[in-house]
Protein chains: 4
Amino acid sequence: MVPAKKKAVVLGATGMMGQKFVQLLANHPWLEVSAVAASDKSVGKPYAATVGGQIQRHVLDDLGDLQVVEATPRALDDPYIVFSALPTEVAGPIEEDFAKAGFPVFSNASSHRMDHDVPLLNPEVNAEHASLVEAQKRRTQWDGFIVANPNCTTAILSLSLKPLYDRFGLETVIVSTMQAISGAGYPGVASLDILENVIPFIRNEEEKVERETNKILGTPTKPATITVSASCQRVPTIHGHIEAVFAKTRTPTSPEEAAKSMSVGRLRRDSALNGIKYIVLGHNLVRGGAGCSILNAELLMAQKYIQ
Amino acid sequence: MVPAKKKAVVLGATGMMGQKFVQLLANHPWLEVSAVAASDKSVGKPYAATVGGQIQRHVLDDLGDLQVVEATPRALDDPYIVFSALPTEVAGPIEEDFAKAGFPVFSNASSHRMDHDVPLLNPEVNAEHASLVEAQKRRTQWDGFIVANPNCTTAILSLSLKPLYDRFGLETVIVSTMQAISGAGYPGVASLDILENVIPFIRNEEEKVERETNKILGTPTKPATITVSASCQRVPTIHGHIEAVFAKTRTPTSPEEAAKSMSVGRLRRDSALNGIKYIVLGHNLVRGGAGCSILNAELLMAQKYIQ
Amino acid sequence: MVPAKKKAVVLGATGMMGQKFVQLLANHPWLEVSAVAASDKSVGKPYAATVGGQIQRHVLDDLGDLQVVEATPRALDDPYIVFSALPTEVAGPIEEDFAKAGFPVFSNASSHRMDHDVPLLNPEVNAEHASLVEAQKRRTQWDGFIVANPNCTTAILSLSLKPLYDRFGLETVIVSTMQAISGAGYPGVASLDILENVIPFIRNEEEKVERETNKILGTPTKPATITVSASCQRVPTIHGHIEAVFAKTRTPTSPEEAAKSMSVGRLRRDSALNGIKYIVLGHNLVRGGAGCSILNAELLMAQKYIQ
Amino acid sequence: MVPAKKKAVVLGATGMMGQKFVQLLANHPWLEVSAVAASDKSVGKPYAATVGGQIQRHVLDDLGDLQVVEATPRALDDPYIVFSALPTEVAGPIEEDFAKAGFPVFSNASSHRMDHDVPLLNPEVNAEHASLVEAQKRRTQWDGFIVANPNCTTAILSLSLKPLYDRFGLETVIVSTMQAISGAGYPGVASLDILENVIPFIRNEEEKVERETNKILGTPTKPATITVSASCQRVPTIHGHIEAVFAKTRTPTSPEEAAKSMSVGRLRRDSALNGIKYIVLGHNLVRGGAGCSILNAELLMAQKYIQ
């Protein structure tokens with residue numbers, strides 16, 4: 001007998017990131033989207049009537065008739081695993097409500113990322129941070145908990161830095177990004193601003209990269225002390241953030257030596273930091289964003305934080 | 001002595017088309033932008049603080065300090081020539097108010113285009129329609145008047161059809177357009193919708209092209225009876241609408257013969273309509289839109305409808 | 001026991017279309033690429049060393065070590081099904097050599113498309129044309145045969161026209177295309193020519209569309225007599241040709257009636273031809289090009305023309 | 001009386017950079033293109049027949065009838081100022097031939113850039129290097145001389161670094177570039193490689209940036225000793241290289257202090273180098289490339305190195 005799948009709800013399911021959650025969960029082995037929640041103007045409508053072109057039609061064959069519900073725990077009858085694609089402006093308190101009500105919440109919003117006992121989790125990088133949910137539950141006395149995933153640029157960057165950090169230590173990282181438009185959601189970037197152009201500014205992005213990288217690479221209770229400096233640019237690509245990275249390790253290394261433990265492009269010597277430089281590319285919605293959140297749920301399930 | 005320039009006001013001056021009006025008027029020989037009007041949220045602010053990247057900076061050296069006023073005649077002290085870049089949803093009554101108050105109004109909105117005594121003017125094509133303002137003033141008893149310019153796609157199409165219409169008559173026109181994103185204003189088309197894509201639908205555009213082409217090519221009082229059928233598509237270009245045109249003339253003609261009176265690309269025989277086919281390209285904001293409105297003002301000045 | 005797969009060879013395997021053949025055949029249920037042939041400068045090299053970024057890396061895990069052979073029947077030891085992605089300039093005689101030597105040849109080149117006894121085959125549209133290979137073999141006394149697939153634009157167009165032709169007859173078709181850059185091969189279109197631009201000319205394309213559509217929609221021995229007029233444009237999209245179609249049927253029909261037998265976008269009345277107009281989109285390499293050739297091989301296998 | 005203009009010849013005049021030279025010289029106050037030279041396949045043809053779409057048509061009204069000549073001094077009858085847009089593979093000896101024959105040569109090729117007595121000249125940055133032509137003439141015993149302009153990325157970078165270097169000294173520079181496709185010439189980058197993509201590699205570019213920046217910022221006889229590390233990427237923009245720069249000055253400075261002497265975008269503190277970071281954008285063909293070469297000719301004229 002095939003065991004029943006666990007119910008999942010996507011908060012902010014009508015936005016681009018929310019649609020991506022629904023899309024990625026469509027064929028999940030043990031999770032199924034059983035509810036979609038969004039803001040008032042969508043509540044009560046069939047899900048299919050609220051989404052645009054960011055979701056594949058066949059996904060809606062199954063889920064298009066789901067009636068959109070309010071993003072509150074009251075709207076749910078059963079245990080659910082909660083995926084939050086809510087905009088940062090509103091995500092904070094709503095996610096807390098769900099955690100209070102006993103739900104495990106996996107959030108793509110930045111609201112709680114830097115809370116000391118919220119794991120900022122990039123599962124291949126810092127799985128051991130998952131244990132922070134215990135401290136979180138002790139402090140909050142909630143039945144549920146919140147797990148955050150990093151900003152998509154950081155998700156990709158930290159994945160490439162992790163083996164360097166573990167083997168050689170890291171002192172300094174400079175990263176210059178070329179980020180895809182899907183990172184800005186929908187409608188997001190106006191076509192007149194980006195077609196045949198580069199936008200050399202993404203609000204709050206550099207700060208997030210600099211801060212989150214240290215939290216992820218540190219221990220659960222103590223951030224790393226890498227000096228990270230980012231310059232973030234938007235380019236006319238659809239999906240996939242590409243990052244030019246310059247890194248100075250604590251123990252000096254060579255590109256050849258570094259290559260033994262990491263897999264990136266154009267790994268070569270960097271004279272400026274007396275370190276190495278390389279190119280890393282990752283899908284911002286699949287390896288960052290929604291995809292990272294789902295990996296986190298899988299990790300917490302495997303670690304028995306979810307029953 | 002250099003005579004003083006005439007004062008011009010741009011309504012909707014903070015939008016993309018409004019900025020284009022201001023830009024194109026920047027070095028006009030006898031017109032100068034002396035007022036900029038916009039919606040409540042911009043009123044009272046310096047113009048420079050209300051515009052984005054759609055205007056060249058040096059234009060703002062002169063005009064950036066102008067305080068944005070309300071789009072009502074009351075906000076103006078003097079005679080002005082009025083250029084309207086208002087959105088169609090609000091343009092109609094506001095433009096009437098200005099005409100009532102004695103101002104000549106040159107409008108890019110579609111609100112009044114099909115009014116029987118409002119000239120739909122594309123000056124190289126139907127300058128003689130300008131005289132309709134007399135009938136308009138008789139009917140309305142306004143001191144001012146409204147002149148409309150066509151939809152940008154029609155402006156470009158009708159310019160290419162005019163010589164065919166005059167020499168051979170026109171029975172049928174099929175046009176398939178590839179339109180630039182600036183035709184949709186700002187923020188307009190979302191980059192996720194158009195980057196590396198074609199959008200095969202532009203709301204109301206086909207209807208406008210089919211209707212306006214006949215009004216322009218007819219006499220001031222009687223539209224032409226050309227059967228026009230359009231398929232309008234948006235493509236990832238910034239400025240410039242390109243149109244593939246198939247035309248059947250009343251008197252049969254050849255590409256060679258047609259070429260003597262028109263200047264387009266790839267003029268060749270069309271077997272389907274037993275006519276000709278060709279490509280025409282025009283700048284949607286300069287030959288259509290704002291640029292066409294300014295040409296119209298120049299025409300009505302030359303014809304003494306403006307003192 | 002799983003029966004052994006049939007051997008396939010791709011001629012012109014190092015070009016973009018050739019790589020697409022190899023890619024699409026990678027998981028074919030009963031065909032496997034056992035040889036790759038190309039021009040002299042690639043002969044003798046491992047296939048992986050001759051291809052660029054137009055093929056997915058995992059395909060090369062299996063096939064990358066194949067040594068590229070000459071595009072002549074002599075280079076092959078066994079019965080093969082031949083897929084030709086050769087450039088039109090050289091395809092004709094090479095494909096004949098293979099057919100002479102007993103191989104079934106499925107060609108994407110235009111060389112033999114209009115030969116009266118070469119099926120121009122778009123399998124969902126004119127499967128019955130396959131029988132032409134019998135006449136071809138009688139005439140040529142070859143042991144093998146040549147089957148051509150249409151130009152990619154025509155493949156997509158004829159698929160949409162077929163139900164109209166069958167139910168209502170077709171008198172006139174006007175089509176204006178917006179074609180992707182992959183239709184021009186690699187390196188193909190220079191980025192300076194197409195980025196943020198439309199190229200309103202594709203050499204020989206309009207003639208092919210007009211001619212091939214009639215051959216496909218006719219009987220095996222008699223082309224249809226539809227008047228087809230095309231205007232072909234290149235737009236900055238990567239894959240997928242989009243076509244704006246205007247069609248006049250012999251028996252008048254309505255969009256509602258037509259919709260019962262076809263599946264396209266924006267099906268609506270067309271006033272110019274007194275017919276219907278619509279938008280059709282197809283993947284130029286998968287539904288046209290390589291993909292169509294492979295479908296053709298599947299058809300001829302099912303019809304027992306291949307043992 | 002208007003004095004006669006000086007005659008200029010453009011070598012490699014049919015390529016994209018050559019066309020840009022001709023275009024930029026079209027209205028020059030004291031230079032006029034009197035000869036165009038190119039490779040054998042163009043020699044003898046009218047210039048208009050050898051160029052593509054990279055030049056404005058009105059320029060060809062005047063120059064289109066010029067017959068293309070061989071790129072050798074023999075082909076010229078008179079004193080000419082020579083602008084070289086030759087490909088680097090052939091530029092070296094041809095430019096030497098012209099210098100030997102007494103012509104002043106302004107070259108965009110990289111062949112002679114690092115020769116110790118060839119000025120690598122970016123006129124607003126290191127005008128004093130012009131004097132190197134004296135040493136060059138002494139060594140070579142040529143009547144003419146060669147002046148090189150930097151690689152376009154370096155031209156833009158060094159312009160932004162110069163005020164920092166002069167006021168604070170420079171220790172380390174990291175630069176990550178987003179370069180336009182016109183930097184690769186025509187046909188240059190294949191559209192399939194760059195549309196909706198970033199190419200994180202430009203052959204030899206990083207080495208040039210690292211080397212040339214030091215030559216330019218040094219004295220005429222001694223390069224600077226800045227540690228420069230570059231990561232060069234191509235993005236889908238047409239003209240204009242954008243560069244994310246991280247700089248450590250010898251005397252520490254702040255963004256506010258630095259801003260007093262330079263004009264760039266997003267000047268802010270950089271924690272990694274304990275310096276500053278900023279964005280600089282320049283037109284690769286106008287401020288680098290052809291435009292820089294012409295500025296160099298103007299400088300050497302002003303400094304009386306050209307009579």
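Predicted model: local features only at pLDDT ≥ 70, side-chain atom pairs only at ≥ 80, totals over all residues.
Let's start where chain C meets chain D. On each side, 18 residues take part: 18 from chain C are in contact with 18 from chain D. Together the two chains bury about 1400 Å², and 71% of that is on carbon and sulfur atoms. Three residues of chain C stand out here: Ser191(C), Leu192(C) and Leu195(C) supply 47% of the area that chain C buries against chain D, more than any other three residues. What about polar links across the interface? The rule finds zero salt bridges between chain C and chain D, but four residue pairs are in polar contact. On the side of chain C that touches chain D, helix H7 (residues 191-194) gives the most, with four residues. Sort that side of chain C by class and you get 11 nonpolar, five polar and two charged residues.

Now hop over to chain A and find helix H8 (residues 205-217). You can check its length yourself: at 1.5 Å a residue, its 13 residues should span 18 Å, and the end C-alpha atoms are 18 Å apart, which agrees. Is H8(A) mostly covered or mostly open? It's mostly covered, with 10 of its 13 residues buried. Among the buried ones are Val209(A), Ile216(A) and Leu217(A), but also Glu205(A), Lys208(A) and Glu212(A). So what covers them? Within chain A, the buried residues of H8(A) pack against helix H4 (123-126), helix H6 (152-168), strand E7 (170-179) and strand E8 (227-234). Chain D joins in too, with strand E10 (265-270) and strand E11 (275-282).

In chain B, a cis peptide bond joins Tyr186(B) and Pro187(B), with omega about 0°. Pro187(B) sits in the loop between strand E7 (170-179) and helix H7 (191-194) of chain B. Chain C has a cis peptide bond between Tyr186(C) and Pro187(C), where omega is about 5°, and Pro187(C) lies in the loop between strand E7 (170-179) and H7 of that chain.

One is Glu196(B), at about 55°, in the loop between H7 and helix H8 (205-217) of chain B. The other is Lys304(D), at about 65°, found in the segment after helix H10 (289-302) of chain D. Is Lys304(D) buried or exposed? Its relative accessibility is 63%, so Lys304(D) counts as exposed, given that the cut-off for exposed is over 50%.

Key. Residues numbered from 1 in each chain as written. Chains lettered and ligands numbered in written order. Heavy atoms only, no water. Contact = heavy atoms within 4.5 Å. Buried area = accessible area lost by both parts, 1.4 Å probe. Salt bridge = Lys/Arg side-chain N within 4 Å of Asp/Glu carboxyl O. Polar contact = N/O pair within 3.5 Å; in protein donor to acceptor, adjacent residues only side chain to side chain. Helix = DSSP H or I, 4+ residues; strand = E, 2+ residues; numbered from the N terminus. Nonpolar A, V, L, I, M, F, W, Y, C, P; charged D, E, K, R; others polar. Expected span 1.5 Å × (residues − 1). Buried < 20%, exposed > 50% of the residue type's maximum accessible area, 1.4 Å probe, protein only.
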